[in-house]
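Keep the sequence and the coordinates side by side.

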Amino acid sequence: MSDKPNISLFFPVYHDEGTVRRVTEKAIKVLTDVADEYEVVIVDDGSPDRSGAIADELALEYPCVSVVHHPRNLGYGAAIKSGFSHVKYEWVCFTDGDDEYDVFDLYKLIALKDFYDLIITFRYVKVYSGDRQLVSWIYNNVLRMLFRTNYRDISTGLRLARKSLLDQITCHSNSPFIGAEITIKSMLKGYRIGEVGIQTFPREFGKGASTSVPNIIATIRDMMSVYRTVFSANYDLPPNRAPR
């Protein structure tokens, strides 16, 4: 009997036709090494380019690959939630489809699986623009203050979680705030959360949308919604307590 875990890996794609094949084939290479049974799920979030079509081609080439298609763009958080609902194995790795996070860093995360229930990453070398670094610094400091956490980079796009944890967390964010929501709600439930330092790499084409004005507005909206939820008098009450 293998002592390797069973792993599901998924990632959303939107304007990622140039990297969806690369990320998929890198994921298969790593999973072949670190997992007993595995699958790769690609979530096409209504991408207007060929990302979804290339994902379908990959599903025909590789039996371990499956594709979820959104009829229209629903947002990063919605794509992550779709991934959660379509994976089946005990460990779930999720990342982004633009290859800014290298799937080969899964080797670092899986080495810690016996110690944590959720392993998030923080970018200790940031190779993107000064504007994005400033937004990231402000964002993480606001979250540390609002939610009383000490995580260095709470919303990075590469992480590993037990499926049993994800099944216990109800997430509502459709924006990039989804990563922070998962971490905050896991923390409040007492799950063991680890952090691993990684580097990120320049996007080779196009422009990432996480710091676009619509995404920033959606993230702030989701942030305040989660804040009101978790600090309400009725959040996650003991089973003998009725809502007030």
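Start with Aspartate 236, which is partly exposed at a relative accessible area of 47%. Here buried means under 20% relative accessible area, exposed over 50%, and partly exposed in between, with a 1.4 Å probe and protein chains only. Aspartate 236 sits in the segment after helix 8. Its phi is positive, about 50 degrees, although the residue is not a glycine.

This is a predicted model: local features need pLDDT of at least 70, side-chain atom pairs count only at pLDDT 80 or more, and totals for chains, interfaces and linings use all residues. Residues are numbered from 1 along each chain as its sequence is written, and side-chain values use heavy atoms, leaving out hydrogens and water.

Arginine 148 also has a positive phi, about 60 degrees, and is not a glycine. Arginine 148 lies in the loop between helix 5 and strand 6 (159–162). It is exposed, with a relative accessible area of 64%.

Now the overall fold. The protein chain has eight helices and seven strands; these are DSSP runs, H or I of at least four residues for helices and E of at least two for strands, numbered from the N terminus. The radius of gyration is 18 Å, close to the 18 Å that the globule rule gives for 244 residues, so the chain is as compact as a globular protein of that length. That radius is taken over C-alpha atoms, and the rule is 2.2 Å times the number of residues to the power 0.38. Of the 244 residues, 49% count as buried.

What lies inside? The largest nonpolar core has 32 residues. Such a core is a set of buried Ala, Val, Leu, Ile, Met, Phe, Trp, Tyr and Cys residues joined through side-chain atoms within 4.5 Å. Phe10, Leu143, Phe147, Phe177 and Ile182 have the most contacts inside this core. Elements that each supply at least two of its residues include strand 2 (38–44), helix 5 (130–147) and helix 8 (213–230). Apart from it lies another core, of 31 residues, among them Val20, Val30, Val34 and Ile119.

Phenylalanine 10 touches residues including Val41, Ile80, Phe84 and Phe94, not counting those up to four places away in sequence. Contact means heavy atoms within 4.5 Å.

Finish with Threonine 183 in helix 7. Threonine 183 is buried, at a relative accessible area of 0%. Beyond four places in sequence, Threonine 183 touches Leu118, Ile120, Tyr151, Ile154, Arg159 and Ile193.
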